[in-house]
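Here is a short tour for someone meeting this structure for the first time. Have a look at the model, then read on.

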Amino acid sequence: MLILPGGIDAHCHIEQESSTRIMTADDFYSGSVSAAFGGNTTFLPFAAQHRGQSLREVVETARDRARVKSVIDYGLHLIISDPTEKVLEEELPSLIKEGYTSFKVYMTYEMLKINDREILDILALARKNGAMTMVHAENNEVITWITERLLTRGYDAPKFHAVSHTPIAESQASRHAIDLARLVDAPLLIVHVSEPEAARAILDARNNGLPIYGETCPQYLFLTAEDLDKNGMEGAKYCCSPPPRDKESQEAIWLGLKNGTFQVFSSDHAPYRFDETGKLAAGPNPTFPQIANGVPGIELRLPLLFSEGVGKGRISIHQFVALTSTNAARIYGLLPRKGTIAIGSDADIAIWDPGKEVTVTWDLLHDNVGYTPYEGRTLTGWPVTVLSRGRVAVEDGELKVKRGSGEFLPRYLSAAPRPRGQLLKVEATH
Ligand code: URP
Ligand code: ZN
Ligand code: ZN
């Protein structure tokens, strides 16, 4: 067996309303149970502000939901879609002091996106108060321009989602976001990177001494745009943003995990059922822009990376632990309590059977989604026992901890200016 630090899923959408007010299929109970069975002991879902809402209120709602349901420990990132004066001057600074030290901003989605001035306000505030800004980097104008042209020509099937969310929209927005962070010397983490040019921009920025970080997710290693072209509406299950790309992009993302471009490997679990509560909320035959974005992956994130990364020699076991646990703990202010096995740290431990073979079917999983994009894959290596703060959480295929026994984790980051130019240059070649 291998004794590893429990996984930290640093990007997942749990009991969260989308911008079109569709509720995710997993609440803090099913989401945390599924996470625990997948070898995780901590997760960081979002408290999402929609326009007109008070940030303080959305945080309280998320805390109330998590407190009574989560079986593993959790922190909360914020999503800021309405950075009013009150948010910037009162709510956000006080929430940062209370341990909500990371927030995501969107450059796309009509109801979530904020403009450059607003992004700069948030970056500058994060720098001053010791917080991390995460960005969903896709150019909204490019996406909507392509979308309109596709729809007028009748190209509305799920596969056109991947056409509209072109890699150029992602790379352009990623470079732009890096420049905004550079302007105010603020740290920035680009989430769910799917394609090589955005990856290259992150690596270049860091090699130039900038505090720019990157995250990627299983869907960019294991799925492609062809999955969106499955029979009928099946492709809707694979619609997420950015979308899965092609085989060459998958290779570039693997390389980025290996060469230090990406620090964090998260699930971006955004669970929507394949019915009227989720993917088909707009009817049985929605056009691609009407399909709720997101794929599930909270339980398979670690087994997928272990089997295909460590098992196939693409990354080392040390890289696996850093990418799935320690780096997230460091970047998001959880180290040394989480992300490491050490005296004084929480005993958050996943015991892995590296030879255990599992053929994935949704029935084996513990989420509430009803399908998995990874159905039928055979994986080698599985977290068989999970300990959370020393308590056995999962053993022999059974959950051993109670609903609501997870603890809230306030997080604190340093507001000090970061030293420049101390990073090792990494070449993005094999
Ligand atoms: O398609 C995705 N990733 N949906 C979840 C929301 C987000 O932007 O991360
Ligand atoms: Zn996003
Ligand atoms: Zn997400």
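A quick word on terms: donors are N, O and S atoms within 2.8 Å of the metal (3.2 Å for Na, K and Ca), and since water is not among the atoms, sites may look incomplete. With that in hand, the donor residues of the zinc ion (ligand 2) follow the spacing K-x31-H-x55-H in sequence. H136 lies in strand β7 (residues 132-136) and H192 in the loop between β8 (188-190) and α8 (196-207), so this pair ties together parts that are 56 residues apart in sequence. Helices (H or I, at least four residues) and strands (E, at least two) are DSSP runs, numbered from the N terminus.

The coordinating atoms are NZ of K104, ND1 of H136 and NE2 of H192, at 2.1 Å. The zinc ion (ligand 3) sits 4.0 Å from the zinc ion (ligand 2). H136 is buried, at 1% relative accessibility, and H192 is buried with a relative accessible area of 1%. Buried means under 20% relative accessible area, exposed over 50%, partly exposed in between (1.4 Å probe, protein chains only).

## About the model

This is a predicted model, where local features need pLDDT of at least 70, side-chain atom pairs count only at pLDDT 80 or more, and totals for chains, interfaces and linings use all residues. Residues are numbered from 1 along each chain as its sequence is written, chains are lettered from A and ligands numbered from 1 in the order in which they are written, and side-chain values use heavy atoms, with hydrogens and water left out.

Take F103: leaving aside neighbours within four places in sequence, its contacts (heavy atoms within 4.5 Å) include L78, I80, L92 and M134.

## The largest cavity

A cavity is a set of points, on a 1 Å grid over the protein atoms alone, where a 1.4 Å probe fits but cannot get out; lining residues have an atom within 4 Å of a point. Grid points are joined across faces, edges and corners, and a volume is the space filled by probe spheres set on the points. The structure holds three cavities of 30 Å³ or more, and the largest has about 40 Å³ of space. α12 gives the most to its lining, with four residues.

Note on methods
1 Å grid on protein atoms, 1.4 Å probe; cavity = no way out; pocket = protein on both sides within 12 Å on 5 of 7 lines; lining within 4 Å.
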